Structure formats: C-alpha cells, structure tokens
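Here is a short note for a colleague who is opening this structure for the first time. Please read the points with the model in view.

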Amino acid sequence: MSDPTYPAFPILTFFAAVLVLIPLPWHLQSLNAGTCLFMIWTAIACINLGINSIIWHSNAIDWAPVWCDISSRIIVAVAVAIPAASFCINRRLYMIATIQTVSITRAERHRAVIIDLLIGIGIPLLQVVMQYVVSGHRYDIFEDIGCYPFTYNVTLAYPLSVVWPIVIGLASAVYCVLTLRAFSKRRAQFSEFLSSKTSLSPNRYFRLMALATTELLCTTPISLYGMILNLTASHVHPWISWEDTHSNYSKVAQYPALLWRMDRSSVIGFEMTRWAPFACALVFFAFFGFADEARRNYRQALSAIAKLLRIRTFYSWRSAPSKVESLPSFVASPLPPYTPSPSKNRLLQSESGIACIRNLQVRFVCSRKHSRNSFDIIFSHFYIITA
C-alpha cells in the first residue's frame, strides 16, 4: 500500500524546519530562551520525521540501527519538549505581567534564562530516561513512518511517560489564565515595563501569548487522545519488574503499511503525531515570520547579500538620494557669463526671458519632485498591503 503523503510530507517538513528557524537570530539576541527552544525543538522534530519518511518509504527494513536508536529517543523527547517550551513562554509572560519593578538586572535575566533552559532541555532528557524504564524493546519500524519508540503498556508507564505532556500542558494553561488576570488588573504598570524593555514590545508580547495558547490547544488534546487510546484499545499490564519488562529488549518489531493501516486508531495516532510539529512550525512562522522586526531583518539580509553580489536592490534604490530633487548641474555650475550675439533669440537678452527660463527650470524640478513623492506614497501603500 503506497503512502498518499509521499513525497509531500518530507518536502513540507524540511521546508517547515527552515521556516521556523528563520526568526531564531533576533530571538537569540533578545535572550528569549523559551521561544528559541520552541523553534529548535520543532525544527529537530520536523527534520527527524522527514528523514524517517524518506528512508522507510515503502519498506520496513532495519537499515540504520544506530539512527533508529537516536530517532526514537528524539520522538520521546519532542513529545514533552514543545509543551515545555510553551510552558517557558507562558511562565515568562506571567512574570512580566506580575513584575513589581520596572527595571530588572542582568543577573535576574541570566537567572531566568538558566531556569528556562533547565525546563526546556532538562525535562525532555529526563523524559528519555524515564521512558527507557518502561521500554519493552529497542524500537519499532513502521513502513512509511520509520523508527518509533515502543512503550510497554504497563501501569508504571503512565506516571513515568504518558501523562507528562498533559501535565505540562495543564500547568502552562494555569500560567496563561493567571497572565490574563494579572494583565487586566495592572495595565498601566505593564505598559510602563514593556516600554522600558527594548527586547519585548507589546506587539511581540501578545504574539507570544497567542503562540503559547495555540500550542496548548493543539498538543494537549493530542496527548490526551493518545493516553485514552492506550487505556481503551489495549490491555494495561501490571508492572512486575525491570527484568520482566526488558526481558527481550534487543527485539526490533517491523510492521508493513498494509498491516498497521488496517487499524484506524493507529492511522489517526501516527498521522497526528507526524503532522503536529509541521503545524507548530507554520503557526510559529505565521506569528513571527511577518512581524515588523522580521521584515526589518529580511531587508538587512537582502541588502547584505546584494552588497556582496554587487546588486542594487529596490530598497537601496528607494533610499538612495534622488538626482531630480536638486537642480541640474548645469544650472548651478559656475560657467562664465554668456553674452548672446544680436543674431540670437532676443528673448535671452531680456530679463523677462531669463526669468521665464528659470521658471521653466523650477517647474520642471518641482514637477519631477512631485511625481517622486507620489510614487513614494503609492509604494508605501503597496508595501503595507503585501506585508
């Protein structure tokens, strides 16, 4: 059975990985640890799933055991890493909304970054360790999907692995509600604090809140659906011992697409898991890829590339000084006085004729300048619409 999403899925996931990393440089400059972690984890998830879909397209052969060990652990980590990054974003927004002083010290900013890194990196790594406790065997390979971690459906698997994306999502939801409540009570001090911070404008603040809320509404229901499916679709075994769970750990189960696609719940679960990072990347780029700071950085990057290639861009042409805004060079140049001969036009000898010529020159310059200003106005409207 052929995969209907191939080759669209790997192409789109690689494209999404590039898109989500575009705003990374200016978020790194602002020390937005939660936002940077969200971008990096989402890109890693997209690249991992895209590579798997290419290697195991129309086959379930164990081509790369080492890669599968790494890839399956990435899937486990990403399951909590993206919710953890969203939690860091909501936590930071709550701290800003409830700030007691307008200014914060450099030490406080560094402390906040360290805490976000411990949450956004430490929890996923801890999740990998805890999932290994209830991992029945090495990994599974599903045709058209690729490597996938196996979690033995025992009672201990739920507190160690299954429930953590839901717990992190609910904690993030609590921060989100508290942030909205604090913002409604302290709008004046909130605006004063944001105006004193160059790295976080009110526009970016509300975009971060919208991003975290959207991620919360998408990933938490998926995790809840997966837990319900594990509880109802198969029997939950009691935890006996480490030896019982890992008795055949070197096993690698291989499933052809014809077999696993017969189960509708498996198809829904796999497709939701595969497309969730892609959706997160698109949502993030929609919030931050078209913002003012993004367009400003795009222009700077375009100008730098054009300067390297010695190409004049439309922005450099627009910002360049215009020659028609000043009088032509022959009007201002110190030419020797000209005395027309009697055979020439009499108009040049009269003061009114000279004044007429000067008026024509001024009208010419003003008309050209007026047309330039009109073009600038038309261009600015076009820029706003297309941006």
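1. Start with Cys147. In this predicted model, Cys147 is buried, at 1% relative accessibility. The cut-off for buried is under 20%, so Cys147 qualifies. Cys147 sits in strand β2, residues 146–148.

2. What is Cys147 joined to? Its partner is Cys68, through a disulfide with an S to S distance of 1.9 Å. A disulfide is a covalent bond between the sulfur atoms of two cysteines. A search of the whole structure finds one disulfide. The link of Cys68 and Cys147 is left-handed, with -50° about the S-S bond. Cys68 belongs to helix α4 (residues 65–97) and Cys147 to strand β2, so the pair ties together parts that are 79 residues apart in sequence.

3. Is Cys68 buried or exposed? Cys68 counts as buried, at 0% relative accessibility.

4. Look at two further cysteines. Cys88 is buried, with a relative accessible area of 1%. Cys176 is buried as well, at 7%.

5. Asp116 lies in helix α5, which covers residues 106–133. Is this aspartate, Asp116, buried or exposed? Asp116 is buried, because its relative accessible area is 5%, and buried means under 20%.

6. Tyr132 counts as partly exposed, at 34% relative accessibility.

7. Now the other aromatics. How many aromatic pairs does the structure hold? There are 13 aromatic pairs. Phe142, Tyr148, Tyr255, Trp260 and Phe270 form one aromatic cluster.

8. Finish on the surface. Which residues form a nonpolar patch there? They are Ile54, Ile55, Ile61 and Trp63, with about 380 Å² of accessible area together. Ile54 lies in helix α3, residues 33–55. Ile54 counts as partly exposed, because its relative accessibility is 40%.

Conventions. Residues are numbered from 1 along each chain as its sequence is written. This is a predicted model: local features need pLDDT of at least 70, side-chain atom pairs count only at pLDDT 80 or more; totals for chains, interfaces and linings use all residues. Side-chain values use heavy atoms; hydrogens and water are left out. Patches are made of residues with over 30% relative accessible area and no salt bridge: like charges are joined within 9 Å, nonpolar side chains (Val, Leu, Ile, Met, Phe, Trp, Tyr) within 5 Å. Accessible areas come from the Shrake-Rupley method with a 1.4 Å probe; for residues, only the protein chains shown count as cover. A salt bridge is a side-chain nitrogen of Lys or Arg within 4 Å of a carboxyl oxygen of Asp or Glu. Helices (H or I, at least four residues) and strands (E, at least two) are DSSP runs, numbered from the N terminus. Buried means under 20% relative accessible area, exposed over 50%, partly exposed in between (1.4 Å probe, protein chains only). A disulfide is a pair of cysteine sulfur atoms within 2.5 Å. Rings of Phe, Tyr and Trp (its six-membered ring) pair if their centres lie within 6.5 Å; planes under 30 degrees apart count as stacked, over 60 as edge-to-face and the rest as tilted.
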